[in-house]
Amino acid sequence: MAQRGRATNADIEKYLQLFDRPIDAVVAIREHIENAKKQQLTSQRPTPQLDTPIVVSARHLERHYRIGKKRVDALQDVSLDIHQGEFVALTGPSGSGKSTLLQTIGGLDKPSSGEVFVGDTNIAKLSDAKLSRFRGQTIGFVFQFFYLQPFLNVKQNIDVPGMFAGTNRKNRHAYIEKVARAVGLEERLSHMPSELSGGQMQRVAIARALLNKPKIILADEPTGNLDSKNSKIIIDLFEKIRRDFGTTIIIVTHDQEIAYRADREIRLLDGRLA
Ligand SMILES: Nc1ncnc2c1ncn2[C@@H]1O[C@H](COP(=O)(O)OP(=O)(O)OP(=O)(O)O)[C@@H](O)[C@H]1O
Ligand SMILES: [Mg+2]
């Protein structure tokens, strides 16, 4: 049997006998390896968290853009429920609406029509000021390009959402130590971003996202800028955060191996659920 992405000699023999043309055998072997890999990765999937309350509920979301005379339908009739503590991968081709959906769920963008409930709150109905406060308290964002402040050290970068929320400074600083430990950067608090690797920078961004103890983390291609070793570290970290803090994690990814590790994959195609 193909294991860990490799075909054994016996596999190759079998496929060469099955097909007249070697090229067909090669295609079949590839498929075989891909399936074995998928099986191996999905068998590691934790049990879906579907018995917990729903934390995100989208109903008939539409998002249309107008560019000159052309209308772009970025989201079309998207309805979905996500449960507390779920780890969801949002996938689909470029331009299929993944970022638009993530930003709409997170209240960074407003739908043209439809509703988004986060917990019991219909976020499309909140005023900008209330939405901004709600976002800060409920949602942690992580992006592909980290967006650290180059002139602040690691500790100060992690503290940025705390400064905006205006929470008690002393409690916050104790919590920074905790989240820095959670992401394995407790030794780096006084370092500047320029002294860190890409993987470490993303871990700072994740610690920053955790600071206000969000119920939900929304991550848009958080491994898009990282090599495979660091990507794995980041995904392992999301799994640990989900386990230790009970955080719901929704992650946009192009990486099928990451999608297999999630509890559930939600796929978009041309702005619709596939
Ligand atoms: N501000 C905007 N103005 C006009 N069109 C937009 C805007 N933002 C997104 N779109 C369009 O909406 C569609 C969905 O875009 P979105 O960024 O959500 O895709 P995506 O799935 O995240 O793609 P990628 O994988 O490349 O990041 C695309 O056709 C895009 O061009
Ligand atoms: Mg995108």
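User: How many helices and strands does the protein chain have?

Analyst: The protein chain has 9 helices and 10 strands. Keep in mind that this is a predicted model.

User: Okay. What box do the C-alpha atoms fill?

Analyst: Roughly 70 × 50 × 40 Å, taken along the principal axes.

User: And how is the chain divided into domains?

Analyst: Domain 1 covers 9–42, while domain 2 is made of 84–111 + 122–273. Their C-alpha centres lie 38 Å apart.

User: Let's talk ligand. Which residues are around ligand 1?

Analyst: There's a run from Gly-92 that takes in Ser-94, Gly-95, Ser-96, Gly-97, Lys-98, Ser-99 and Thr-100.

User: What's the shell like by class?

Analyst: Ligand 1 has 7 polar, 4 nonpolar and 1 charged residues in its shell.

User: What about β1 and β4, over how many bridges do they pair?

Analyst: Strand β1 (residues 54–67) and strand β4 (residues 113–118) pair over 5 bridges, in the antiparallel sense. If you want a spot to look at there, Arg-59 stands opposite Glu-115 in β4.

User: Now the inside. What share of the residues count as buried?

Analyst: 34% of the 274 residues in the protein chain.

User: And in the largest nonpolar core, which residues touch the most other members?

Analyst: Leu-90, Val-179, Ala-207, Leu-218 and Ile-250, out of 56 residues in that core. Helix α7 (residues 198–210) gives the largest share of this core, 7 residues.

User: Take Val-179, then. What is it in contact with, leaving aside neighbours within four places in sequence?

Analyst: Val-179 is in contact with Ile-158, Ala-207, Leu-210 and Leu-211. Ala-207 is also on that list of residues touching the most other core members.

User: Last one: for contacts with a separation of 6 or more, what share comes from residues 24 or more positions apart?

Analyst: Such pairs account for 72% of those contacts in the protein chain.

Note on methods. Residues numbered from 1 in each chain as written. Chains lettered and ligands numbered in written order. Predicted model: local features only at pLDDT ≥ 70, side-chain atom pairs only at ≥ 80, totals over all residues. Core = buried A, V, L, I, M, F, W, Y, C linked by C-beta atoms within 7 Å. Buried ≥ 20, exposed ≤ 12 C-beta atoms within 10 Å, placed from the backbone. Helix = DSSP H or I, 4+ residues; strand = E, 2+ residues; numbered from the N terminus. Contact = placed C-beta atoms within 7 Å. Pairing = 2+ DSSP bridges. Near = placed C-beta within 6 Å. Nonpolar A, V, L, I, M, F, W, Y, C, P; charged D, E, K, R; others polar. Domains from an automatic or database assignment.
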